[in-house]
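Please take a slow look at the sequence and the model below. We will walk through them together, from the whole chain down to single residues.

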Amino acid sequence: MSARFHHAMPYGAELHGDGRTRFRLWAPDVAQVQLELESMATQPMRALDDGWHECIREAPAGTRYRFHVGKDLRVPDPASRLQEAGDVLGASVVVDPVAFDWRHADWRGRPWREAVVYELHVGACGGFRGVQAMLPRLQALGVTAIELMPIAQFPGDRNWGYDGVLPFAPAAAYGSPDELKALVDAAHGLGLTMILDVVYNHFGPDGNYLGAYASPFFRSEGPPTPWGAAIDVALPPVGDFFVHNALYWLQEYRFDGLRLDAVHALHNPAWLLSLAARVRAATDGRQVHLILENEANLAHLLGPDRFDAQWNDDFHNAVHVLLTGERAGYYGAYADDPLDKLVRCLAEGFAWQGEPMRGKPRGEPSAHLAPLCFVDFLQNHDQIGNRARGERLTALTDADKLEAAYALLLLTPSVPMLFMGEEWGSRRPFLYFTDHQSEQLRTAVREGRRKEFAEFEGHGAGDVPDPNAPATFEESTLDPTEAASAEGVARLTLVRLLLAQRREHLAPWLEQARPLDARAIGERALQAHWQLGDARLHVYCNLGERAAHVDAKPTPAARWLHGEASAIAALAEGRLDPARTLVFLEPSA
């Protein structure tokens with residue numbers, strides 16, 4: 001079944017069927033806006049109520065345009081669907097959204113209980129076409145959902161994506177809009193869910209002109225963000241801008257879900273709930289998944305008809321301290337009792353549910369939420385890239401402990417996430433990289449990174465790489481030849497087997513999964529149990545270097561999902577060997 005998709009927006013350039021285009025801009029600080037079309041004199045736009053400016057002109061697909069919002073200020077369209085040559089300072093381009101013919105238009109998505117998320121950076125994987133070439137391998141591995149780090153147009157050719165300033169325009173460095181659509185379409189043909197990371201809490205510093213003609217976009221009062229003034233999503237034209245952005249990616253590009261970056265910086269949970277409700281209403285009949293990153297641990301945002309899940313940094317931080325012993329920076333809050341924090345994550349979701357953290361209460365009670373409301377991970381772009389040298393866990397702990405941690409991650413009920421290359425135990429770093437065009441910004445970013453790691457003494461050896469250097473990006477790209485090494489093959493085999501067990505024995509019953517008990521049984525060892533349909537899931541995990549005493553009595557009816565024969569025998573004798581995770585199912589009594 002083929003079809004064409006379009007999300008109509010009240011912003012930007014909307015192509016009409018007769019070759020004309022309607023241009024509209026919200027510029028409440030400016031009395032007169034001029035439209036500049038390529039090879040034509042500027043033309044005045046009609047001023048409407050509430051700061052809107054509009055005109056309709058002959059402008060077929062491919063036409064370059066800009067807005068004049070002051071005597072000497074020409075700006076791109078903030079709702080641009082495409083930038084000429086990927087230049088955030090240059091002209092926007094009129095795009096025909098329905099030019100692409102979708103082959104898998106009948107795709108409706110996959111249920112969240114089946115989610116195994118794989119996060120990747122598009123540029124580090126060779127652009128949209130490079131990611132598309134990876135899809136069959138990831139499907140065969142057992143991955144079910146691909147999550148792209150932000151792809152909105154940014155300055156230069158290299159960026160993590162969190163410096164985007166034109167949130168509707170796919171980064172030209174990664175490929176064309178149609179190549180992005182072809183990637184999503186191919187993923188759907190393989191039965192893969194596609195998730196996009198979006199940034200609604202700030203704009204990047206290079207190419208952001210909104211303050212010059214739409215200053216109400218930003219809050220004049222209230223707490224700032226780490227990136228400057230907070231965006232005022234409570235103001236309808238501003239909040240709607242991002243609601244339309246969400247619907248644009250879900251409808252016009254057919255993404256199956258969105259991960260909203262650092263929503264705590266919006267300081268507006270009510271708006272988030274409104275966004276979720278509007279998305280649900282507009283995508284009825286499809287399996288669309290909404291995921292949060294939220295340091296505030298606001299449990300009331302999660303659940304049916306709200307947000308499906310939140311990235312669980314608590315799980316990561318506790319496991320990381322257990323595996324590495326690191327205490328610097330944010331790991332310090334977990335260093336004194338990492339096992340207790342991990343046990344609480346397995347039993348109740350969040351480790352912090354209103355208790356003080358660094359002197360301030362953090363979080364809300366979360367024990368009532370289903371395990372599927374939490375996305376757990378051992379690594380992600382932040383937790384690797386926010387190290388001075390971008391080291392992965394393969395460089396920080398031994399292979400046996402890491403294998404035990406993967407069994408814990410992939411065979412417990414919360415949604416697991418892997419970061420690109422993790423499946424074969426990549427040793428290549430993932431560094432923070434940018435390509436800012438002004439030397440002032442380059443210097444500020446370089447010096448800012450160096451100051452940031454003053455707190456992380458010993459958190460990555462050597463000098464902090466220059467984020468602006470091309471070599472920093474090159475070091476961070478994937479090297480698939482690592483997967484052919486003996487270590488790579490072993491890790492791939494492990495991950496494939498664990499995901500096969502998850503798919504067959506956990507996924508069908510995860511929507512009804514509920515925790516029964518979780519407790520510490522040693523210095524770095526734990527046991528956890530869940531009701532899973534008519535069976536009980538039992539997990540015994542030891543991330544330490546010494547055996548732990550355990551009172552476990554698997555019955556002959558136990559179905560073992562993971563564990564060596566010698567470790568299983570030791571468990572029957574009351575001993576959980578070091579660096580081991582054992583997982584089995586038993587029928588409920």
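The protein carries 56 positive and 78 negative side chains, and the centres of these two sets lie 2 Å apart. Here Lys and Arg count as positive and Asp and Glu as negative, while His and the chain ends are not counted; the place of a charge is NZ of Lys, CZ of Arg, CG of Asp or CD of Glu.

A word on what you are viewing: this is a predicted model, in which local features need pLDDT of at least 70 and side-chain atom pairs count only at pLDDT 80 or more, while totals for chains, interfaces and linings use all residues. Residues are numbered from 1 along each chain as its sequence is written, and side-chain values use heavy atoms, with hydrogens and water left out.

Now for the overall build. The protein has 13 helices and 28 strands; helices (H or I, at least four residues) and strands (E, at least two) are DSSP runs, numbered from the N terminus. Its C-alpha atoms fill a box of roughly 85 × 55 × 45 Å along the principal axes. The radius of gyration is 25 Å, which agrees with the value near 25 Å for a compact globule of 589 residues; this radius is taken over C-alpha atoms, and the globule rule is 2.2 Å times the number of residues to the power 0.38.

How much of the protein is buried? Buried residues make up 60% of the 589 residues, where buried means under 20% relative accessible area, exposed over 50%, and partly exposed in between (1.4 Å probe, protein chains only). The accessible surface comes to about 22200 Å², and 50% of it belongs to carbon and sulfur atoms; such areas come from the Shrake-Rupley method with a 1.4 Å probe, and for residues only the protein chains shown count as cover. Of the contacts (heavy atoms within 4.5 Å) with a separation of 6 or more, 72% join residues 24 or more positions apart.

Let us visit some single residues. His53 is found in strand β6, residues 52–58, and is buried because its relative accessible area is 2%. The side chain of His53 reaches the backbone oxygen of Val30 at 3.2 Å, a polar contact (a pair of N or O atoms within 3.5 Å; within protein, one must be able to donate a hydrogen and the other to accept it, and residues adjacent in sequence count only if both atoms are side-chain atoms). Beyond four places in sequence, His53 also touches residues including Phe23, Leu25, Met45 and Ala47.

Met194 sits in strand β14, residues 193–198, and counts as buried because its relative accessibility is 0%. Among its contacts beyond four places in sequence are Ile146, Leu148, His188 and Phe255. Met194 and Gly109 are 85 residues apart in sequence and 8.9 Å apart in space, C-alpha to C-alpha.

Gly349 follows α7 and has a positive phi, near 100°.

Which of them is buried and which exposed? Ala262, in the loop between β15 and α5, counts as buried because its relative accessibility is 4%. Asp305, in the loop between β16 and β17, is exposed, since its relative accessible area is 64%.
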